[in-house]
Amino acid sequence: MSSASQVAERDVPFQLRGNSFTMMVLKVFAPTSPEFFTQLNVKVRQAPNFFRNAPVVLDFDDLPESIVFDLAAFVAQVQAQHLLPVGFQGGPQPVREAAAAAGLTPMPSGRAAKLEEVVKAPDPRQPGAQGQAPIPAPQVLVEVVHRPTLVVTEPVRSGMRVYAEKTDLIVTSSVSPGAELLADGNIHVYGALRGRALAGFSGDAKARIFCHSLEAEVLSVAGNYRVSEDISSDFYKKAVQVFLRDGVLSMDLLKTA
Amino acid sequence: MSKIIVMTSGKGGVGKTTSSAAFATGLALRGFKTVVIDFDVGLRNLDLVMGCERRVVFDFINVINGEAKLNQALIKDKRIENLYILPTSQTRDKDALTREGVEKVLNELSKEFDYILCDSPAGIERGALMSLYFADHAIIVTNPEVSSVRDSDRILGVLNSRSRRAEQGLEPVTQQLLLTRYDPERVEKGEMLRVDDVLEILAIPLLGVIPESQAVLRASNVGMPVILDEASNAGLAYSDAVGRFLGEDIEHRFVTPQKKGLFSRLLRRSA
C-alpha cells in the first residue's frame, strides 16, 4: 500500500488558483428605514431572474458611526429577497464586528486598498479586530496583480481576431489587413501591422500600441481611434508608438539607436 | 499512405479548377496515381476542364449518399494513365457534403491513390471547409491583386484554425503559394502586385508563378489540362510547379518581361 504522501502526489485532491468574480454591491444608507425592504423588493422584482440567489457585498461605508441595528436580522431579510450576502465592506467598528460574527467575509474596499492588501502578505501575528480571530486575507484578488501577456508567434491572418483580455498582447510576426488585435493592455507588433489594433480596449487610457512597421487600417487607444486615411504618411512603414496625449490619439517615432 | 492536397483561394475566378486539373495531370504524368475531386457542388466545372463531361453518370454526392459505388463514379482519364476524376453533382448544393461522408470517400480513395487533390469552391463556407478539412498540403491560388491576396490570407487563417490537423493539434497543413495570371509587363508598369509584394503579406513559400496566357482559356474550352500544352508558358510553369511540389529544385521563370528587340520597343513607344 502506498503512503498518504505518495497518494497526494499522484492525484491531488485540490488545486489553488486565483480568480476574480463580479459581484453586486448593496450600498446600505439607512438599514432601519421601514421603506428599506419594500423598496429593495421593488428593485428585485424588476429582474427576478437576474437577482435570484445573486451574491452581494453589503457596503456599510456610508453608515453613521452611531448607528445601532440588528445585523443578523438585516442579513436574514436580505436573504428573504433571494439575495445572498457573502461579504461586507466598510462601516463603523461595531457593525464590522457584527457582520464578521454573522459569517460575512470582510472585503477590501476601493481599488487602492485592494492592491495594497494583495501586495502586503497578511501578517498572521497581527491580532484581528478587538482580539477576535484574524480577518482572512482576500484570496480572490490574486489575479489582479499579474496576468500573463498573450504572445502570438504565427502571422495574424485576415479575418482573425485576437483578444488579450485584461493583459498585454505581443505579436512577433505580421498582422494582415482585415485582422484585428484587441487588448485591455498594450499591443506590441514586431512584424508589420497592417490590420486593426485596439489597445486599452476596456478603457485603459494609459495603454499604448508599439509596432515595427506601421501600415495599420485602424488604431485605437481606449476608444480614441484613427483610420489609416488620417494617419500621417510620416509614420507609414516606420517604427511607431501610439498613445493618448491629453485624451488625443498621438504618435511618436520610436528612436532606434 | 496517400497525400491529400487542397487547391483553394477564398476568392473565385482565380484559377483553382484550372490549377487543379493541371496539377493532377502533372502528378499523374510523373507516375503517381492521382485522383482529383470536384468539391464545388452545384457548380460543376472540373469535368469540363478535364474534358470528361460527357462521361459523368454518378458523382461524388451519389457516393457520399451511398447511391453509387466509388468505382462507378470515378472517371478514368483517356489521355493519361494513373489519372482519375471524381466529378460532383450539378443538381445538389453544398449541404450534401457531410464530414462523415467526405471522410468515408477519402479513406476509400487513400487505399488506392498516391495523391488525392481536392478542388475547393470559392468562399469560406461549407464547400470550402469540407475540401480543406482533411488536407495534408494546401496550395493557395492567388492572383496578383489586392482582393485576391486578402482572401488568400483569410483562407490561410481558416486552414490554421479549422482543418483537421489544426483541430487535433497535429502537424499543421503545409501551405504553398501558386501565383496565377501573372503578367510581368503589367507588373513592371505598376498595374499588378509584384511576386515579392504578395509573398510579403502571405508569408508562405512560393510554389510557382503561372504567367497570364491565352493558352489557359484555349485549353479549358477544349477540355484539355493546360499542362499538356507544352508549347505554352503556362503549361511549362505548371510543370515546374509540380516538380517543386515533389521536392525538385527548379528556378522560377516567367516572372520578368521577355526581352524585346529594338524594333518592337520602337513600335510600342509610338503606339
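Predicted model: local features only at pLDDT ≥ 70, side-chain atom pairs only at ≥ 80, totals over all residues.

Modeller: **A loop residue, then the interface**

B:Gly12 is partly exposed, at 36% relative accessible area (between 20%, under which a residue is buried, and 50%, over which it is exposed; 1.4 Å probe, protein chains only). B:Gly12 sits in the loop between strand 1 (3–8) and helix 1 (16–29) of chain B. Helices (H or I, at least four residues) and strands (E, at least two) are DSSP runs, numbered from the N terminus.

Residues are numbered from 1 along each chain as written, chains are lettered from A and ligands numbered from 1 in written order, and side-chain values use heavy atoms, without hydrogens and water.

Now the interface. 12 residues of chain B contact 8 residues of chain A (heavy atoms within 4.5 Å). The area buried between them is about 890 Å², 41% of it from carbon and sulfur atoms (accessible area, 1.4 Å probe, lost on being put together, summed over both parts). In chain B, B:Arg150, B:Asp153 and B:Ile201 lose the most area to chain A, together 48% of what that side buries.

The rule finds 3 salt bridges across the interface (Lys or Arg side-chain nitrogen within 4 Å of an Asp or Glu carboxyl oxygen). B:Arg150 forms a salt bridge with A:Glu217, closest N and O atoms 3.2 Å apart. Helix 7 (146–162) and helix 10 (195–202) of chain B each give two or more residues to the side touching chain A. Helix 7 gives the largest share, 6 residues.

Conventions
Buried area = accessible area lost by both parts, 1.4 Å probe.
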